[in-house]
Amino acid sequence: MKRFRGIRKGQNEGSIITEPIWLQRMLIGVAVGFVIVFLIAPLLIVFGQALAKGWDAYWEAIREPDTFKAIQLTLLTAAISVPLNLIFGVVAAWLIAKFDFWGKNFLLTLIDLPFAISPIISGLIFVLLFGLQGLLGPWLSQYNIKIVFAVPGIILATIFVTFPFVARELIPVMQSLGNEEEEAAIVLGANGWQMFFKVTLPNIKWGLLYGVILCNARAMGEFGAVSVVSGHIRGQTNTIPLQVEILYNEYNFTAAFAVASLLALLALITLIVKHVVEWKSGRHHSNSVQINRFKEGISHEY
């Protein structure tokens, strides 16, 4: 097979192209076709079905009382779970990246636990703990505290399935930064809070924002765990994904696709913001590398 070997225009020296042109174009075509069939086409179908009966029917489906309650509950759940996961993620990443302690690997395993088990199993765990027949169910019933099949259960399940995102984004960022700048701030007289807000936070802000974006997207789109603990009570414990399922099962396709389009729109906005954050983060990393090289050059000169 004849292969092209050489350096293409715009590529780094030493980069050798060994694949034939037709193979490269075929791979690009397969990738583009995959994106069109499995990503773009479903989005077009969702928005097309949602607007099939016009804007009036679309807005009527969005303003329907049960759907509006589902939107409110979804926003409330994200507004509570994301800040809590933000706090936990920063604390856990700081602890893991800056200190060595007994049980460090066990803590990392616990952080990854929601990635390892099914969301349905996660929801079932809360039912077994807080349900009427669960471990704490009789005690909660005695004091008239409802967690499962109520809003608190939905929030707890959402927190559980989303808490790895912020921590897992920040841990490698903090590990790569090291401790030199924080130690210098302490030597110069800064206290702990000043060190964090003046030194650490500016260095991790893009990784932090990236983790928050992913956490928020998962919180608003979570289905499995929330479905188990919600009880599917219309107008009370249904989030947007659960409302889509109910409307679709009732053959109310226009309303189902209209509500689903909200989640699709959220996904598109998330991708755009994610791309901007990655671009900003890449520029910040590039500038940091250039500054470090400049410092190294000065140190070698002297």
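Leaving aside neighbours within four places in sequence, Ile-111 is in contact with Phe-88, Ala-92, Ile-96, Phe-163, Pro-164, Ala-167 and Arg-168. Ile-111 is also among the residues with the most contacts inside the largest nonpolar core. The model is a predicted one.

**Nonpolar cores**

- The largest nonpolar core holds 38 residues, and those with the most contacts inside it are Ile-111, Phe-126, Phe-130, Val-166 and Leu-170.
- At least two residues of this core come from each of H3 (65-98), H4 (104-116), H5 (119-130), H7 (151-162), H8, H10 and H11 (224-230).
- H3 is the helix that gives the most to this core, supplying eight residues.
- There is also a second, separate core of 15 residues, which includes Val-46, Ile-62, Phe-257 and Ala-258.

**Helices H8 and H10**

- Helix H8 spans residues 164-177 and helix H10 spans residues 192-221; their axes lie 7 Å apart, at an angle of about 160 degrees.
- Because angles over 145 degrees count as roughly antiparallel, H8 is roughly antiparallel to H10.
- The crossing of H8 with H10 is right-handed.
- On the H8 side, the contact is made by Phe-165, Val-166, Glu-169, Leu-170, Val-173, Met-174 and Leu-177.
- On the H10 side, the residues in contact are Thr-200, Asn-203, Ile-204, Gly-207, Leu-208, Tyr-210, Gly-211, Val-212, Leu-214, Cys-215 and Arg-218.
- By class, the contact of H8 with H10 comprises twelve nonpolar, four polar and two charged residues.
- Val-166 and Leu-170 of H8 take part in this contact, and both are listed among the residues with the most contacts inside the largest nonpolar core.

**Glu-169**

- Glu-169 is located in helix H8.
- Its relative accessibility is 24%, so Glu-169 counts as partly exposed.
- Glu-169 and Leu-209 are 40 residues apart along the chain, and their C-alpha atoms are separated by 9.3 Å.

**Helices H3 and H12**

- The axes of H3 and helix H12 (residues 240-249) come within 8 Å of each other and cross at roughly 155 degrees.
- That angle makes H3 roughly antiparallel to H12.
- Asp-66, Thr-67, Ala-70, Ile-71 and Thr-74 in H3 meet Ile-240, Gln-243 and Leu-247 in H12.
- The contact of H3 with H12 has four nonpolar, three polar and one charged residues.
- H12 is mostly covered, with seven of its ten residues buried.
- The buried residues of H12 are Ile-240, Pro-241, Leu-242, Gln-243, Val-244, Ile-246 and Leu-247.
- After H12 comes Tyr-251, which has a positive phi near 65 degrees.

**Thr-237**

- Thr-237 sits in the loop between H11 and H12.
- Thr-237 is buried, because its relative accessible area is 3% and the cut-off for buried is under 20%.
- Not counting residues up to four places away in sequence, Thr-237 touches Leu-73, Phe-149, Ala-150, Ile-154, Ser-230, Gly-231, His-232 and Leu-242.
- One of these residues, Phe-149, is 88 residues from Thr-237 along the chain, with 7.0 Å between the two C-alpha atoms.

Definitions and conventions: Residues are numbered from 1 along each chain as its sequence is written. This is a predicted model: local features need pLDDT of at least 70, side-chain atom pairs count only at pLDDT 80 or more; totals for chains, interfaces and linings use all residues. Side-chain values use heavy atoms; hydrogens and water are left out. Axes are lines fitted to C-alpha atoms, for helices over the stretch in contact, and angles run from 0 to 180 degrees between N-to-C directions. Helices (H or I, at least four residues) and strands (E, at least two) are DSSP runs, numbered from the N terminus. Angles under 35 degrees count as roughly parallel, over 145 as roughly antiparallel, 65 to 115 as roughly perpendicular and the rest as oblique. A crossing is left-handed if the near helix is turned anticlockwise from the far one by less than a right angle, and right-handed if clockwise. Contact means heavy atoms within 4.5 Å. Ala, Val, Leu, Ile, Met, Phe, Trp, Tyr, Cys and Pro count as nonpolar, Asp, Glu, Lys and Arg as charged, and the others, Gly among them, as polar. A nonpolar core is a set of buried Ala, Val, Leu, Ile, Met, Phe, Trp, Tyr and Cys residues joined through side-chain atoms within 4.5 Å. Buried means under 20% relative accessible area, exposed over 50%, partly exposed in between (1.4 Å probe, protein chains only).
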